[in-house]
Amino acid sequence: MANSRNIGIDLGTSNVLIMQQERGVVLREAAVVAQEKSSGKVLAVGDEAWKLVGRTPGSMQAVRPLRQGAITDMALTSTMLQYFIKQVIGRRLMGKPRCVISVPSSISDREKRDVVSMLLDAGVGRTQLLERPIAAALGADLPFRDNWGCMIIDMGAGASDIAVLSGGETVVSSCVPHGGDYFDDAIIRYLRKKHNLLIGDRTAEEIKNSIGMAMEPMGDTAGIFMNVSGRNLVTGLPRTQKIDAMEVYEALREPVNDFIEAIQSVLQHTPPQLATDVFEDGLVLSGGAAQLTGLAETISREIDIPCRVVNDPQACIVRGCAKALEDPDAMRDLLENGRRRLLGR
Ligand SMILES: Nc1ncnc2c1ncn2[C@@H]1O[C@H](COP(=O)(O)OP(=O)(O)OP(=O)(O)O)[C@@H](O)[C@H]1O
Ligand SMILES: [Mg+2]
């Protein structure tokens with residue numbers, strides 16, 4: 001049933017997005033919870049909690065309840081999700097909204113049922129799950145229901161889903177850990193080795209998003225730099241170091257190559273006719289990490305295939321979830337019905 005309060009949710013490792021058909025993206029917040037260490041009391045959720053990462057006093061901790069595409073803390077995931085949903089749908093009990101949610105590919109059936117339970121507790125009515133690659137393909141408007149091969153790669157923080165779809169199904173897919181966090185870790189390792197400088201996750205992400213490049217910086221871009229604060233591993237004291245774009249490119253070269261190899265491996269396992277379609281139409285990138293400067297160009301050059309990034313790539317999956325809500329009958333074959341976990345309740 002069409003209901004303007006129905007919601008699509010992308011439960012990501014680093015961000016949660018909620019979309020309503022008529023209002024567009026209504027929530028885009030960091031998947032972070034800050035809590036008091038001693039009591040576990042929740043102090044902040046979402047962007048407010050993200051501001052505290054790396055800056056919390058000893059008595060407080062800011063945690064991401066999902067890591068590397070998996071739920072690492074179910075209780076905190078529940079707290080976070082319920083907080084976000086209440087912000088969007090309020091507490092009205094009449095006319096509970098339907099929900100289509102996309103969850104990390106690697107979570108178990110039991111975790112999926114837990115997520116459905118959390119949504120019911122948060123005031124959502126019927127909940128259906130949508131596979132990530134299908135959600136991304138819907139969000140990117142790919143003709144994946146035709147008998148034609150389409151390739152979509154959703155590059156998030158904790159993982160990347162690489163998939164070839166055809167006839168409304170996923171034909172070949174792989175969920176690899178080469179997401180934005182993997183790139184951040186490479187920057188941390190590089191600065192530790194080259195400059196004896198220890199930086200935190202948040203700083204590494206800022207470096208990547210500001211001056212990170214997948215292609216060799218040339219001309220004007222070669223001179224771009226950033227002053228980075230960290231701890232000198234020799235003296236143990238705080239230090240600020242000038243880092244330029246060429247260094248970040250060097251740090252990211254290996255993880256970018258790993259990512260390209262993962263794409264090649266999926267193509268090698270793709271039936272030849274579908275692979276021909278993909279090489280003709282090109283591959284499509286979504287997810288926040290697809291915004292790394294020069295990534296699409298580098299993939300295109302290395303694999304010799306057209307490659308483009310969708311508009312607002314971070315919202316591609318939630319767009320797909322909202323689209324699946326529009327016409328539930330037409331989408332029935334794509335959606336998985338969620339069930340509440342009954343055991344132990
Ligand atoms: N301009 C940018 N350049 C490079 N990476 C970026 C940029 N902006 C955001 N990112 C990265 O995108 C990632 C977040 O993307 P997204 O919100 O799609 O992830 P997620 O859905 O939460 O994670 P996952 O899909 O793995 O569960 C982070 O690693 C972030 O650093
Ligand atoms: Mg994601």
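How many helices and strands does the protein chain have? In this predicted model, the protein chain contains 11 helices and 19 strands. The C-alpha atoms fill a box of roughly 60 × 60 × 35 Å along the principal axes. A compact globule with 345 residues would have a radius of gyration near 20 Å, and the value of 21 Å for the protein chain agrees with this. Of the 345 residues, 45% count as buried. Among contacts between residues at least 6 apart in sequence, 64% join residues at least 24 apart.

The protein chain is divided into two parts, domain 1 (7-133 + 316-337) and domain 2 (143-309). The centres of domain 1 and domain 2, taken over C-alpha atoms, are separated by 25 Å. Each side gives residues to the contact: 20 residues come from domain 1 and 20 residues from domain 2. On the side of domain 1 that touches domain 2, the elements that give two or more residues are β7 (66-67), α4 (132-139) and α10 (316-326). The residues of this side comprise 7 nonpolar, 9 polar and 4 charged.

Helix α7 covers residues 245-268. At 1.5 Å a residue, its 24 residues should span 34 Å, and the distance of 33 Å between its end C-alpha atoms agrees with this. A kink of about 40° lies at R253 in α7, shortly before the proline P255. P255 is itself one of the buried residues of α7.

How values were computed: Residues are numbered from 1 along each chain as its sequence is written. Chains are lettered from A and ligands numbered from 1 in the order in which they are written. This is a predicted model: local features need pLDDT of at least 70, side-chain atom pairs count only at pLDDT 80 or more; totals for chains, interfaces and linings use all residues. Helices (H or I, at least four residues) and strands (E, at least two) are DSSP runs, numbered from the N terminus. The expected span of a helix is 1.5 Å times one less than its number of residues. The bend at a residue is the angle between axes fitted to the seven residues ending there and the seven starting there. A residue is buried if 20 or more other C-beta atoms lie within 10 Å of its own, exposed if 12 or fewer, and partly exposed in between; C-beta atoms are placed from the backbone. Domain bounds come from an automatic or database domain assignment. Two residues are in contact if their C-beta atoms, placed from the backbone, lie within 7 Å. Ala, Val, Leu, Ile, Met, Phe, Trp, Tyr, Cys and Pro count as nonpolar, Asp, Glu, Lys and Arg as charged, and the others, Gly among them, as polar. The radius of gyration is taken over C-alpha atoms; the globule rule is 2.2 Å times the number of residues to the power 0.38.
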